[in-house]
Amino acid sequence: MSLWVDKYRPRSLDELHYHPELSSRLRSLAASGDFPHILFYGPSGAGKKTRIMCTLRELYGPGVEKLRIDQRVFVTPSNRKLDVNVVQSNYHIELTPSDVGMYDRVVIQDILKEIAQTQQVDLNAKQRFKVVIINEADALTRDAQAALRRTMEKYMNNMRLILCANSTSKIIAPIRSRCLLVRVAAPSDDEMTKVLQHVAKKERFSLPSPVTKSILSTSQGNLRKALLVFEAMKMQKPDLSGDIEVAKPDWETYCSKIADSIIQEQSAQRLLDVRGKIYELLSHCIPPTVVLKTISERIVDKVDDALKPQIVHWAAYYELRMRMGSKKIFHLEAFIAKVMTVYKQFNMIGYTEDYE
Amino acid sequence: MTTFAPRPTGQMAVDPKHQPWVEKYRPKTIDDVSSQEHTVAVLRKALASTNLPHMLFYGPPGTGKTSTILALARQLYGPDLFRARVLELNASDERGISVVREKIKTFARETPRHVGKSSDGKTYPSPPYKLIILDEADSMTQDAQSALRRIMETYSRITRFCLVCNYVTRIIEPLASRCSKFRFRPLAQTSTQARIEMIANNEGVQAEDGVLPLILELAGGDLRKAITYLQTAQRLHGATEPPTPITALSIHEISGVVPDDLITHLLSVMGVDKDQGIDLTLGQGGFEGVRTAVKRVGREGWSAGQVLEQIHDALIPLPTIPALPKSLAAMAIAECDKGLCEGGDEELQLLECCLRIKDAMGKQ
């Protein structure tokens with residue numbers, strides 16, 4: 001038994017539930033025989049990967065679904081060995097170079113040159129080129145992206161690239177100008193409802209509208225999350241009746257508890273308590289950025305309007321520092337200390353100094 | 001040995017229909033290069049006297065730097081000698097210090113062979129030196145660049161270097177001072193329009209009125225971008241049955257430009273009217289209004305960098321905004337851009353920036 005997310009994942013472009021004009025464009029591109037490099041971008045859970053696989057199927061037929069997983073070893077110039085997992089079929093290869101951190105350039109150079117220099121041997125293949133899918137393209141280092149530039153033009157004959165990213169901001173301009181940009185927006189609430197009802201129909205039960213509403217409000221346009229939550233609810237209460245609470249993840253409740261305790265009291269002792277709690281979260285592998293964002297969002301909901309922009313400002317400020325520094329906890333702590341100061345100052349004298 | 005099929009030979013195997021237009025319409029001679037009159041004039045002199053200095057080409061992407069040097073090399077050496085005399089290295093090749101020491105140095109020290117007549121019957125100047133093109137030189141490491149210094153001088157009798165880069169500041173000073181510098185300006189719309197129209201005619205592109213100028217406007221002086229937009233749009237519209245003319249809407253979608261109504265909405269929650277300037281009554285939504293607008297941007301998948309750029313383009317030229325709010329807004333935009341470049345969280349950065357602009361608009 002597989003999860004609903006995988007079970008009802010559309011396999012071909014015709015089965016996709018939303019963005020019909022995008023599907024028809026992809027179909028005509030696949031049929032034209034002149035397939036460009038493509039950069040898919042959009043928020044997570046919007047259906048980028050699903051669309052990529054559907055397009056591949058349109059290009060090569062069902063053969064692309066026979067996947068195998070290989071472990072490849074690359075050697076850096078400094079003789080370090082890197083293991084990278086690649087998923088491939090006869091027609092395409094999929095990799096996540098950002099797994100190897102700063103050595104991603106080596107992986108890109110090696111694998112692309114290898115693919116680019118081998119010609120398609122399968123005579124029955126529909127296309128002469130192979131497709132290379134690069135996941136998390138926005139996490140590639142600048143070096144790796146620079147290495148892609150010329151390769152993309154030079155080996156256009158044997159290879160096409162499909163890049164998958166959350167945003168184009170971190171993709172360097174030369175790559176953007178060489179790709180067809182395809183934006184996959186998150187589905188609207190109506191579209192999500194349609195998908196949920198489709199799944200419910202296939203599973204043979206009816207979907208009461210309050211349940212839909214609560215799923216939509218928690219998932220915020222993330223269809224994957226919506227389906228997972230949906231399945232969990234169904235497991236919990238098979239008849240879906242009454243008012244079911246959407247089970248929030250533990251860490252989220254924990255974060256809001258932290259936010260509450262910051263607002264309750266601002267003291268050195270409290271900072272120490274909070275620090276312990278944050279350590280707890282980090283040791284359970286919750287990404288520090290997510291922790292910071294959740295806490296700040298919760299605090300913003302609770303404080304006076306005049307103070308909100310300040311909280312957001314410091315959240316953005318310390319989030320950035322966290323990315324650039326190496327020890328995350330310092331910056332999380334600094335953020336909390338700053339918020340406490342700002343909050344206390346505001347309560348005592350009624351206003352705060354400007355951002356500096 | 002008849003069982004072996006003849007091997008397809010390099011370039012010939014490319015189906016010209018599927019070739020990127022950017023490659024297909026690369027200028028063949030330096031006279032074809034669009035709108036870099038000054039540079040071309042200097043190079044033409046150099047070509048006539050067959051004496052070339054070391055060169056450093058710099059300028060924004062898509063202004064014809066690589067095209068110019070390739071065309072120049074082709075005119076100097078002709079097709080036969082091109083392979084033997086020109087070494088082209090770019091960022092996709094390994095270019096650490098070891099490559100500079102081995103590959104470049106070996107190539108640089110070889111004495112060029114004497115040449116007979118060219119196979120296509122034309123005569124080429126074929127000067128007695130080789131050419132090394134280092135494309136995307138700004139992504140070379142400092143060490144690799146310093147290793148080049150002495151090589152450039154020692155072999156200057158038989159080898160010329162041409163460095164091509166976007167940012168001249170990333171080339172170390174000793175290297176830059178050894179080269180004569182050529183700056184490539186962003187292309188003017190008038191001169192690129194002719195080129196784009198020529199390509200559109202050659203390829204039989206049908207476009208609605210005003211689409212070609214729109215492409216040029218969105219490309220912002222980057223000819224490669226403009227040609228790519230044109231080709232992608234043609235792919236989309238040519239693949240349907242029957243082929244439809246290219247519309248302005250699909251050009252907008254291809255270029256990833258955020259639609260105007262979204263930007264107008266963002267500006268209005270910040271208390272700015274797109275035409276009238278500051279109108280604080282629009283910003284009544286307060287903090288929540290801004291937050292919802294920013295969330296919408298994220299949910300629809302627009303990139304924060306692009307949104308920021310367009311906010312800037314819409315806000316800063318407005319004449320009715322007084323100097324103080326405008327400067328504060330410009331500062332907020334600049335800092336947000338820096339944050340995004342350094343990898344900050346998109347939603348947080350954009351939200352912070354919008355809040356600061358909103359705040360600035362209230363200060364008069």
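**View 1. The interface between chain A and chain B.** In this predicted model, 56 residues of chain A are in contact with 52 residues of chain B. About 5,000 Å² is buried between the two chains. Carbon and sulfur atoms give 50% of that area.

View 2. Six salt bridges are counted between chain A and chain B. In one salt bridge, the side chain of Glu297(A) meets that of Lys295(B), with an N to O distance of 3.7 Å.

**View 3. The side of chain A that touches chain B.** Several elements of chain A give two or more residues to this side. The helices are helix 2 (20-32), helix 4 (104-117), helix 5 (142-154), helix 6 (173-178), helix 12 (288-302) and helix 13 (308-324). Strand 7 (180-183) of chain A is also on the list. Helix 13 of chain A gives the most, with ten residues. By residue class, this side of chain A divides into 21 nonpolar, 16 polar and 19 charged.

**View 4. Helix 5 of chain A.** Why is helix 5 of chain A described as largely enclosed by the rest of the structure? Ten of its 13 residues are buried, so the rest of the structure largely encloses helix 5 of chain A. The buried residues include Ala144(A), Ala146(A), Ala147(A), Leu148(A) and Met152(A). Gln145(A) and Thr151(A) are buried too.

**View 5. Strand 3 of chain B, covered on both faces.** Strand 3 of chain B spans residues 130-134 and is mostly covered, with five of its five residues buried. Lys130(B), Ile132(B) and Leu134(B) are buried on one side. Leu131(B) and Ile133(B) are buried on the other.

**View 6. The strands paired with strand 3 of chain B.** Strand 2 (residues 86-89) of chain B runs parallel to strand 3 of chain B, and four bridges join them. Here Val86(B) has Leu131(B) as its bridge partner. Strand 4 (residues 159-165) of chain B also runs parallel to strand 3 of chain B, joined by five bridges. In this pairing, Ile133(B) has Cys162(B) as its bridge partner. Leu131(B) and Ile133(B) are both on one side of strand 3 of chain B, and both are buried.

Definitions and conventions. Residues numbered from 1 in each chain as written. Chains lettered and ligands numbered in written order. Predicted model: local features only at pLDDT ≥ 70, side-chain atom pairs only at ≥ 80, totals over all residues. Heavy atoms only, no water. Contact = heavy atoms within 4.5 Å. Buried area = accessible area lost by both parts, 1.4 Å probe. Salt bridge = Lys/Arg side-chain N within 4 Å of Asp/Glu carboxyl O. Nonpolar A, V, L, I, M, F, W, Y, C, P; charged D, E, K, R; others polar. Buried < 20%, exposed > 50% of the residue type's maximum accessible area, 1.4 Å probe, protein only. Pairing = 2+ DSSP bridges.
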